[in-house]
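User: I would like to learn how to read helix packing and aromatic pairs in a model. Please take me through one case.

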Amino acid sequence: MISITQLLSYASALAIAAVIPGPGMTAVVARTLKGGVTMGFALLSGLILGDIIYLSFAIFGLVFVADHLAEIFNLIYWFAALYLFWLAYVFWRHDAQPLNTVGAISKKQLAIVSVSGLAITLSNPKTIAFYMAILPLVISLNEITITIWSTVLVPTTLLILLLVGMIFIFGAKKASKFLSSTKSQRVIFRGTALIMFAAAIGMLFKTQ
């Protein structure tokens with residue numbers, strides 16, 4: 001059984017890690033500006049799913065497996081890096097448009113954006129570092145049971161990331177009133193592209 005202190009330490013560390021701008025939340029802001037709040041939440045859902053996957057990996061011992069499957073993980077890192085390079089290209093080439101012209105959004109579009117969020121989280125060095133290195137420092141993994149994982153840690157992770165994500169989404173929505181110019185949009189999306197590019201480079205270094 002984990003203590004309240006451990007749980008609060010985990011929640012605080014997760015909140016701090018989420019608030020620090022990285023590829024995930026930067027992409028949430030960009031998607032919200034481009035496609036509205038719905039698109040922002042679709043991307044956020046993928047990001048959160050990725051966090052839950054890494055949380056599960058860390059708790060149930062797949063870090064040990066990863067150490068013995070280095071070649072497979074290197075291949076995953078290469079694909080992740082290529083995907084981030086592609087996202088960087090998409091954001092860099094984004095055609096700036098008035099922000100109040102968001103059309104109807106299909107379920108297929110939402111699904112694609114959500115999968116993009118999942119891929120971003122799974123290839124985010126900051127997320128990997130948190131769950132594989134920092135998490136064991138703030139909580140005793142050997143004390144966690146499936147019940148604690150499913151009824152305490154997963155809901156806590158969902159709540160923290162949802163709250164932080166909402167801050168970014170609604171902050172971006174509110175800021176969109178002041179970012180109607182194509183010049184402002186170009187700066188935002190190209191800045192996002194550079195962050196994605198840097199994350200891709202980080203993934204390539206992990207294959208060394």
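**Fold and packing**

Analyst: The protein chain has nine helices and zero strands, where helices (H or I, at least four residues) and strands (E, at least two) are DSSP runs numbered from the N terminus. This is a predicted model, in which local features need pLDDT of at least 70, side-chain atom pairs count only at pLDDT 80 or more, and totals for chains, interfaces and linings use all residues. Residues are numbered from 1 along each chain as its sequence is written, and side-chain values use heavy atoms, with hydrogens and water left out.

User: What percentage of the 208 residues of the protein chain count as buried?

Analyst: Buried means under 20% relative accessible area, exposed over 50%, and partly exposed in between (1.4 Å probe, protein chains only). By that rule, 41% of the 208 residues are buried. As for contacts (heavy atoms within 4.5 Å), residues 24 or more positions apart account for 91% of those with a separation of 6 or more.

User: At what angle do helix 2 and helix 8 pack?

Analyst: Two packed helices are described by the angle between their axes and the distance between the axes. Axes are lines fitted to C-alpha atoms, for helices over the stretch in contact, and angles run from 0 to 180 degrees between N-to-C directions. Helix 2 (residues 23–35) packs on helix 8 (residues 146–175) at about 40°, with the axes 9 Å apart. That angle makes helix 2 oblique to helix 8; under 35 degrees counts as roughly parallel, over 145 as roughly antiparallel, 65 to 115 as roughly perpendicular and the rest as oblique.

User: Which residues in helix 2 and helix 8 meet?

Analyst: On helix 2 they are M25, V28, V29, T32 and L33, which meet L161, V164, G165, F168, I169, A172 and K173 of helix 8. By class, this contact has nine nonpolar, two polar and one charged residues (Ala, Val, Leu, Ile, Met, Phe, Trp, Tyr, Cys and Pro are nonpolar, Asp, Glu, Lys and Arg charged, and the others, Gly among them, polar).

User: How many aromatic pairs does the structure hold?

Analyst: A pair of aromatic rings is described by the distance of the centres and the angle of the planes. Rings of Phe, Tyr and Trp (its six-membered ring) pair if their centres lie within 6.5 Å; planes under 30 degrees apart are stacked, over 60 edge-to-face and the rest tilted. The structure holds six such pairs. One of them, Y10 with F130, is tilted, at 6.2 Å centre to centre and 40° between the planes. Y10 lies in helix 1 (residues 4–19) and F130 in helix 7, 120 residues apart. Both Y10 and F130 are buried, and ring pairs link Y10, F130 and Y131 into a cluster.
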